[in-house]
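The sequence and structure come first.

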Amino acid sequence: MSVAFRRLCLLSPALLVILLLVGVPLCLMAWVSLLDKGGSAGVDWSSAPSAANYVRLVWEEDFDGTMILNTGYLLIFLRSVALAAVTTVLSLALGLPVALWMASLSRTGRDVMLLLITIPFWTNLLVRNYAWLIILREDGWVSQFVNMLSPWPVQLLYNDAAVAIGLTYSFLPFTILPLYTVFEKFDWRLLEAAHDLGATRRRALRRVVLPIATPGIVAGALLVFIPCLGAFVTPALLGGGKTLMLGNIIQMQFGASRNWPFGATLAVVLLAIMLVVMTAMALWRNRRTA
Amino acid sequence: MSPRRFPFTRETALLVLAYLYVPVAVLIVYSFNANRTATVWTHASVDWYGRILVNPSIQAAAWNSLVIAVCAATAATVLALLAALATRRAFLGRGASEAVLNMPLILPEIVVAVATLILFVSLGVKLGLGAMVAAHTAFCIPFAYLPIRARLEGISGTYEEAAHDLYANRVRTFRRVTMPLLWPGVMAGFTLAFVTSLDDFLTSFFLAGPGMTTLPVYIFSAIRAGISPEINAISAVMLVVSVLLVSLSFFLGRLRR
């Protein structure tokens, strides 16, 4: 047995499983997004492929057959992108100082912090968002306290802010870890040099720390933005059916609405947005480093 | 100047730790609340833990979760171990292979979940336990692969060369030299894959089919029906199980080579 053949035998089972259970389904989904709904499984397999589902995202047929603009889906897309962007910025703003601080700790301190930051990632997302449901709910003490101070009644749950809090809570560790890996290897004498050359702390942060942190910032931003865009649990629990995101309307098409082709269309669009953002980030980083 | 010199980094870090852990602590504290309404604190009690233990639908859901996690994590670990051994040394296509292996980490889970649902239904595969095990295996592979790969990178090839020089054949070298050194990595990978499968909600939610639940799917529908002390208790149990397993995996990953 040659080395190459043995390698192929070892590698192919894992690759096949992923290609068959992730790659093939994605291709099939892209095909289904071109079909009509119908049949028992929600897809009319014999229908001719067309872009009708994609047209439906923006245009709606009126009763008399004219096409009118339908902003419903566009708004949900915009809200998803905006919430994902806000979460990314919040996570970076909180993650950068934490990563800087972690890099200044002793070896044991770093290990402990690393474990503390990683643990939430491995605990159940559903359960962690449920914890916020308990904290923010109407008869909870946080809500009572806020309402005591506020001159008008405030509802903490079921709005964009609650979803943003929940999303940041869910994905914040994803910015801390890549930033920490950058700062861990950072030669802090560069900062001394900047200081000796008369740079203020703010200037040193902007001209020395941030450029070096760029790969960490890009990686962290992607790691937060992408899962946020496809978030389902957080808006379902903390948005309470009022603050919908892309994930929720995709689920609806496969649930109550039983329009699988349209659900597939929404999922393809989600993937497309994700690809655009990833490419933009990669291009931006290349331009920065070039 | 050290990073210590930047103002407010320590304060922000402590604030972030509070942000991450206070909600979890609140949840656990409330799971010991005797009051039915789950909002008013009366006195401490473990009643709800007793209730969830004897609730047959929770038992069934927990059993399903366990079966899926054991099967999916075992399959994923075996596949990931083989793949890690294959990608140990550089070759043409290693980058591409690793990109495929890590694909489930990058793609939004809801997209993969609905795509898998479409595939299974179009092929006439029955939804339920088997469908969930298959889908979980696929997304658990990278979680098992990464720790095994990391451990393998730290093992110098000289041990295997020595075994080879002492006339051990390939199988014997693998069994007596590589595997004992690699073992903590394999266990760490299995544990992470197990936790990932146990905690998964979205994929199971779409592939469970009628009449089948896992623990997270049960919790989701229970939350939809309203906050209750039982949910607090199951959630607390799930949190503690995950934390214990991840700490175990972290410890295994740091075992001396």
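The sections below cover the basis of the model, the domain layout and the interface.

## Basis

This is a predicted model, in which local features need pLDDT of at least 70 and side-chain atom pairs count only at pLDDT 80 or more, while totals for chains, interfaces and linings use all residues. Residues are numbered from 1 along each chain as its sequence is written, chains are lettered from A and ligands numbered from 1 in the order in which they are written, and side-chain values use heavy atoms, leaving out hydrogens and water.

## Domain layout

Chain A is assigned domain 1 (3-69) and domain 2 (71-289); such bounds come from an automatic or database domain assignment. The C-alpha centres of domain 1 of chain A and domain 2 of chain A lie 29 Å apart. In contact (heavy atoms within 4.5 Å) are 18 residues from domain 1 of chain A and 16 residues from domain 2 of chain A.

## Interface area

Between the two domains of chain A about 1,500 Å² is buried, and carbon and sulfur atoms give 69% of this area. Buried area is the accessible area (1.4 Å probe) that two parts lose on being put together, summed over both. On the domain 1 side, M29(A), R56(A) and L57(A) lose the most area to domain 2 of chain A, together 38% of what that side buries.
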